[in-house]
Amino acid sequence: MMNDQAQALRRLVKSKRSDANDAPPHEHPKSGGARVVTVTSGKGGVGKSNFTLNFALSLQEAGYRTLVFDADIGMANIDVLLGSPASSNLVHVVQQRKTLQDIIQIGPLGMHYIPGGSGFQDLLELPSEQIDKLLTEMESWSERYDIILFDTGAGLSKETIRFILAADETFVVTTPEPTAIADAYALIKIVNGMGHGTDFRLVVNRAADWKEGSQTAERLSSVARRFLHQSIPTLGVLYDDPHVMQAVKKQTPFCLLYPQSKASLQIRELAKSYINGSDPAEPNGGVKQFIRNWLRRWSS
Ligand SMILES: Nc1ncnc2c1ncn2[C@@H]1O[C@H](COP(=O)(O)OP(=O)(O)OP(=O)(O)O)[C@@H](O)[C@H]1O
Ligand SMILES: [Mg+2]
């Protein structure tokens, strides 16, 4: 079993070497393979899934081929937010009735997504031959997408840690509530203690105004600087906007239903600044690095 994984790893390392991997680390996401981002939070219900979906749609709108992977174990959300329950999801992949490719759905604006469904945990416990097959499928995503976003559940499950450690970068979503900030900090601290230079970016959601948003970001980043010696750059601030809840109730992404709402204008700006960011996350290993990291977790 382990041997198969080692083989897959070698194959990946080989293909990584042979492709144009000499690109500068600060490359534009569109110019290389897909960038892999994990979206997570310490506290639950802070707006991860809404953020992920609307951020993905904003990227898609800007011309980036985007895939959203609903990696929230047991509490699939993305298809609910889209109002289109998928007939097949990760459970069918686990049961070997479908391939990953089979269950990819085409969402609004041509954005792709993988519906979760309960059973994702099992996906991580499949026999290694089957995992190899899945990873081989995922390899092809490198060329097919510019950005892949994993929407995880709240808190640090084993699975979420694996996604965080494997991705190019991790967005931590928090609200201005002290409990959410404390939980976000705890999450960063735990991951930090694992000794991987994880690239975190902070998203402050549901801020009452700009001041509250930047104060929240400053609170978290100053503690991280002081105690973890790590800088946590802020990706952006989104205001508390009643349109978000209204859109959730109508099961339509807020950026499509209320394109002129504050939250929509802000998330589009946020996507733009992410795209144009003078300091995109590094190292930018993309899908192949993601898979290698994932396998490394396995065999350790
Ligand atoms: N910017 C916002 N303004 C107002 N309400 C918001 C905003 N963002 C999120 N919400 C509210 O928070 C609710 C929860 O959001 P969402 O499901 O995206 O959170 P989550 O972090 O993914 O939750 P979970 O941890 O359960 O996965 C939404 O249904 C909406 O009512
Ligand atoms: Mg969610």
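A residue counts as near a molecule if one of its heavy atoms lies within 4 Å of it. The model on screen is predicted, so that local features need pLDDT of at least 70 and side-chain atom pairs count only at pLDDT 80 or more, while totals for chains, interfaces and linings use all residues. Side-chain values use heavy atoms, with hydrogens and water left out, residues are numbered from 1 along each chain as its sequence is written, and chains are lettered from A and ligands numbered from 1 in the order in which they are written.

Select ligand 1 and the shell around it: 18 residues surround the ligand, the closest being Gly45, Lys48, Ser49, Asn50 and Asp241. With Ala, Val, Leu, Ile, Met, Phe, Trp, Tyr, Cys and Pro taken as nonpolar, Asp, Glu, Lys and Arg as charged, and the others, Gly among them, as polar, this shell divides into six nonpolar, seven polar and five charged residues.

Next, display the polar contacts (pairs of N or O atoms within 3.5 Å). A polar side-chain atom of Asn50 lies 2.8 Å from an oxygen atom of ligand 1, and a side-chain N or O atom of Asp72 is 3.4 Å from a ligand oxygen, whereas Arg206 places a polar side-chain atom 3.3 Å from a nitrogen atom of the ligand. Of the 640 Å² that ligand 1 exposes when taken alone, the protein buries 83% (Shrake-Rupley method, 1.4 Å probe).

Colour α2 (48-61), β7 (200-207) and α12 (242-249), the elements that give two or more residues to the shell; helices (H or I, at least four residues) and strands (E, at least two) are DSSP runs numbered from the N terminus.

Note on methods:
A polar contact is a pair of N or O atoms within 3.5 Å; within protein, one must be able to donate a hydrogen and the other to accept it, and residues adjacent in sequence count only if both atoms are side-chain atoms.
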